[in-house]
Amino acid sequence: MYGAAGCVAGVLAGLFGVGGGVIVVPALTFVFTMQNMNQEVIMHMALGTSLAAIIMTSSSSVRAHHKRGAVKWPLVGRITPGIIIGVLLGSVLAAHLSSQFLKIFFACYLLLVAVQMFLNAKPKATRQLPGTLGVFGVGNIIGIVSSLVGIGGGTLSVPFMVWCNVKVHKAIATSAAIGMPIAIFGAIGYIINGWGDPNLPPYSLGYVQWPALLGVACVSVLTAPLGAKIAYLMPTAVLKKVFAIFLLLMAVRMFWSAF
């Protein structure tokens, strides 16, 4: 069952160019619900496991972008301290929030991404990157939100960098690199904050479940190229609208499951 979730997540991630929690969290939530996992920890387990899976699935992306010289490593170094603090704060906050609240928060996030994707909204490049304090603050925000929704942060960091006149391909490459500390420290945070929770299912390390992690990560790495090939057969505008509708449906289902 985890392999099936990983297969779907991989194809959709490759097809729509979006990895991490946007696809994996809803899939894991569905699988965990089917397994009758305790409702109090379902969303926490989905978020923690998603972040852990991103560590494995994004590493190859970072290497590929680095080989092309597209990663702005100085920016990665400047924003990472804020990212780490934000992610750890987000994981602590998530541990004190109910699964119902996290589902609603995640559904609202999906709706925002869906609207942005459907309207093809892009920030105008009218600014330069802020100073050290400003970048640190942005890193905090990206880290907290990413931790609360179990994502690598691309839907937040790419628009920010484009808004600050960073070229799109460099923004995407740099976002991939930023996703690594988000995933690593996010997973660590969910492991620590879930440690000893009496509602944890078997084979769990805090809020990370190993069978789900391995099933999703291993299979999604293999199926993502298939989705990428399919993407080239569809016009970009149509692809974005289809993805927006897909996210909208997932958001509605997440809202439904929260009540």
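Visitor: Which residues have the most contacts inside the largest nonpolar core?
Guide: In this predicted model, the largest nonpolar core has 72 residues. Helix α8 (residues 168-194) gives the largest share of this core, 11 residues. The residues with the most contacts inside the core are Val22, Phe32 and Leu247.

Visitor: Which residues does Val22 touch, not counting residues up to four places away in sequence?
Guide: Val22 is among the residues with the most contacts inside the core. With those sequence neighbours not counted, Val22 touches Phe106, Tyr109, Leu110, Ile151, Phe243, Leu247 and Met250.

Visitor: How far apart are the end C-alpha atoms of α8?
Guide: Helix α8 has 27 residues, so at 1.5 Å a residue it should span 39 Å.

Visitor: Is Ser157 buried or exposed?
Guide: Ser157 lies in helix α7 (residues 154-163). Buried means under 20% relative accessible area. Ser157 has 1% relative accessibility, so it counts as buried.

Visitor: With which side chain does the side chain of Ser157 make a polar contact?
Guide: Leaving aside neighbours within four places in sequence, Ser157 is in contact with Ile142 and Ser175. The polar contact, at 2.8 Å, is with the side chain of Ser175.

Visitor: What is the orientation of α6 to α7?
Guide: Val138, Ile142, Val145 and Ser146 in α6 meet Leu156, Ser157 and Phe160 in α7. The axes of α6 (residues 132-149) and α7 come within 9 Å and cross at roughly 155 degrees. Angles over 145 degrees count as roughly antiparallel. Therefore α6 is, relative to α7, roughly antiparallel.

Note on methods:
Residues numbered from 1 in each chain as written. Predicted model: local features only at pLDDT ≥ 70, side-chain atom pairs only at ≥ 80, totals over all residues. Heavy atoms only, no water. Core = buried A, V, L, I, M, F, W, Y, C linked by side-chain atoms within 4.5 Å. Buried < 20%, exposed > 50% of the residue type's maximum accessible area, 1.4 Å probe, protein only. Helix = DSSP H or I, 4+ residues; strand = E, 2+ residues; numbered from the N terminus. Contact = heavy atoms within 4.5 Å. Expected span 1.5 Å × (residues − 1). Polar contact = N/O pair within 3.5 Å; in protein donor to acceptor, adjacent residues only side chain to side chain. Axes fitted to C-alpha atoms, helices over the stretch in contact; angles between N-to-C directions. Parallel < 35°, antiparallel > 145°, perpendicular 65-115°, else oblique.
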